[in-house]
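Subject: Structure for you to look at

Hi,

Here is the structure I promised to pass on, with my notes below it. Could you have a look before we next talk?

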Amino acid sequence: MRVKICGITNLEDALDAIQAGASALGFVFYEKSPRYIEPFEARKIVDKLPPFIQTVGLFVNESTNYINQVCTNAKMQIAQIIDDDNYTELESLEIKYIEVIRAKNKNDLLNIDDKYYLVDAFVESFGGAGKRVALDWFDEVDCSKIVLAGGLTYENIKELKGYNFFAIDVSSGVEASKGKKDKDKMIKFIKASNEI
Ligand SMILES: O=C(O)c1ccccc1N[C@@H]1O[C@H](COP(=O)(O)O)[C@@H](O)[C@H]1O
């Protein structure tokens with residue numbers, strides 16, 4: 001299973017995540033988040049990463065120009081977009097992106113089009129709150145293009161067996177404290193993800 005570890009704020013956590021087996025690292029460019037990282041600080045980390053690791057910048061209700069600029073400055077390869085109020089002109093983004101569906105109920109997952117989406121549980125703070133999406137909401141959904149996020153831990157991801165999610169995304173479930181990852185939790189998380 002592909003794993004993105006989100007909320008990277010320092011090099012040690014980034015390298016530990018990669019050593020544990022993460023395929024993508026997420027950097028939060030939402031200033032109200034306790035995991036916010038300044039774009040040029042993120043770039044310093046990215047410059048020290050090995051090849052074949054994807055860098056994902058997370059944005060909440062930002063303009064296209066801002067996202068393009070930050071992704072350039074921070075060397076992000078993908079933008080993860082929360083855009084509740086249509087601030088972002090997706091077609092003008094200069095990099096690949098994935099939109100976030102903040103699911104409030106099962107209906108939010110029905111009739112989604114044939115694109116890759118990240119599905120997270122709806123929380124007022126936009127994410128990183130450890131809240132899960134009810135798995136039975138996916139029972140009649142093709143999950144092969146869905147990245148599942150929200151409240152995942154090494155203890156609960158075995159429940160995802162059989163759903164065929166494209167990838168999973170975790171932040172608070174592998175933290176020691178807000179903004180600081182726990183190496184042991186990351187190792188256990190990725191080991192468990194390989195058993196799904
Ligand atoms: O991590 C944050 O602080 C954050 C802030 C604003 C929007 C999204 C945020 N994080 C994302 O939320 C999901 C789920 O996180 P968790 O595993 O439940 O803690 C994940 O995609 C984070 O990248």
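**The barrel**

Strand β1 and strand β2 (residues 24–28) pair in the parallel sense over 2 bridges; strands count as paired if DSSP finds at least two bridges between them. The helices (H or I, at least four residues) and strands (E, at least two) are DSSP runs, numbered from the N terminus. Please keep in mind that this is a predicted model, in which local features need pLDDT of at least 70 and side-chain atom pairs count only at pLDDT 80 or more, while totals for chains, interfaces and linings use all residues. Residues are numbered from 1 along each chain as its sequence is written, and side-chain values use heavy atoms, with hydrogens and water left out.

I5 stands opposite L25 in β2, and its bridge partner in β8 is V170. The β1 and β8 pairing is also parallel, with 4 bridges. Overall, 8 strands form a closed barrel with parallel pairing, in the order β1-β2-β3-β4-β5-β6-β7-β8. Between neighbouring strands of this sheet the average turn is 30 degrees, direction ignored.

Helix α4 (residues 183–193) lies across β1 (2–5) and β8 (167–170), at about 155 degrees to β1. Here contact means heavy atoms within 4.5 Å; axes are lines fitted to C-alpha atoms, for helices over the stretch in contact, and angles run from 0 to 180 degrees between N-to-C directions.

**The ligand**

The ligand is surrounded by 23 residues, and the closest are C6, S33, R35, D169 and S172 (a residue is near if one of its heavy atoms lies within 4 Å). By class, this shell has 9 nonpolar, 10 polar and 4 charged residues, with Ala, Val, Leu, Ile, Met, Phe, Trp, Tyr, Cys and Pro counted as nonpolar, Asp, Glu, Lys and Arg as charged, and the others, Gly among them, as polar.

Backbone N or O atoms lie 2.8 Å from a ligand oxygen at G128 and 3.0 Å from a ligand oxygen at G130. β3 (54–60), β4 (78–82) and β8 are the elements that give two or more residues to the shell.

Best wishes

Key:
Polar contact = N/O pair within 3.5 Å; in protein donor to acceptor, adjacent residues only side chain to side chain.
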